[in-house]
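Visitor: I would like to learn how to read aromatic contacts in a model. Please take me through a case.

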Amino acid sequence: MDIQDLKCFITVCKYMNFTKAGQELHFSQQGISKIIKHIEDSLGVPLFFRDRSKLRLTEYGAYLYPMAKKLCDEYQALSDNMKAFIAKDNEKLKIAIPRGMTWELIGRRLKNFYKHFDGAQLSISQTDDIGVEKALLDGTADIGFCIAPVSEETFTIHKTHRENTHYMISTQNPLSKKNELSIRDMRREKFIGFGARNKGHDTLKDYCKAEGFEPILYAEVDDMNILYQMVRENQGIGFYVGDPADASLIDGIKLVRDVSAGWYWEIVLATSRMHKLRTIDKAFIEEFHDW
């Protein structure tokens, strides 16, 4: 005996007629009769007197009815509340982005997304490059802006965005007078990395090794304000990813584009392959289709 059996029993009690109960529940008269017989067999007692003219509850049926009605009402309330909770939860979207990723890269598109999906509740968290991937895998993020490369066996890649690399250089540094630089110009320079688990560190090392030298990684920081201050004081050189025209101007710092062959940053809009896309996920991804 399950909740559907009890619903059938309640409906038969409502009409005291198998045929009418079947019409409401979209069962045949024989189907309703079979369900009631199943309940009676499982309890070992009759629930109805079956007269020719109509049905009547036995003392066992009369005893079962209020308890069955209460259980069915509570089950319906539970079902309705869960559906409401799920519907509300489906309006929540958890996004993970790497620390240091500038707002200019995604801010305008987020505003457009809100215009078309104004019921959305966005939760945006910042972590390191590896942390974004971890958040997708453990479910603390639905969508992530990952730094390439990422495993296509583990993640679904929805969009890849490419940005040029720029050096953040103190205006006290003579290199700031140039409009373009390459990695070979940086042999004697000190670099300030952003975050310990930053994929850009490996990229930097690979490009420097290709030019025959090891980069000097002077410091690693997790706060952009500290990075700006250190660069401004000419303690080292940082990196900026994005269009300098969109960057907030920072006194004492100049952005100079790197022109080394093929050095760019790829930002991947990704989800875990285990994550089933919801309507809100698809809408967010669609906003970035031409990113």
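Predicted model: local features only at pLDDT ≥ 70, side-chain atom pairs only at ≥ 80, totals over all residues.

Visitor: How many aromatic pairs does a search of the whole structure find?

Guide: The search finds 10 aromatic pairs. One of the ring pairs is F113 with Y114, which is tilted, at 6.4 Å centre to centre and 55° between the planes.

Visitor: Are F113 and Y114 buried, partly exposed or exposed?

Guide: Buried means under 20% relative accessible area. F113 has 2% relative accessibility, so F113 counts as buried. Y114, with a relative accessible area of 35%, is partly exposed.

Visitor: Why is the pair of F113 and F284 edge-to-face?

Guide: Planes over 60 degrees apart count as edge-to-face. The planes of F113 and F284 are at 80°, with ring centres 5.3 Å apart, so this pair is edge-to-face. F284 is buried because its relative accessible area is 0%.

Visitor: Which helices hold F113 and F284?

Guide: F113 sits in helix α5 (residues 107-116) and F284 in helix α9 (residues 279-287). The two are 171 residues apart, and their pair links distant parts of the chain.

Visitor: Which residues do ring pairs link into a cluster?

Guide: The cluster holds F113, Y114, F145, F284, F288 and W291.

Visitor: Which residue lies over the face of Y264?

Guide: That is R162, at 3.7 Å from the ring centre of Y264.

Note on methods
Residues numbered from 1 in each chain as written. Heavy atoms only, no water. Phe/Tyr/Trp six-rings, centres within 6.5 Å; stacked < 30°, edge-to-face > 60°. Buried < 20%, exposed > 50% of the residue type's maximum accessible area, 1.4 Å probe, protein only. Helix = DSSP H or I, 4+ residues; strand = E, 2+ residues; numbered from the N terminus. Lys NZ or Arg CZ within 6 Å of the ring centre and 35° of its normal.
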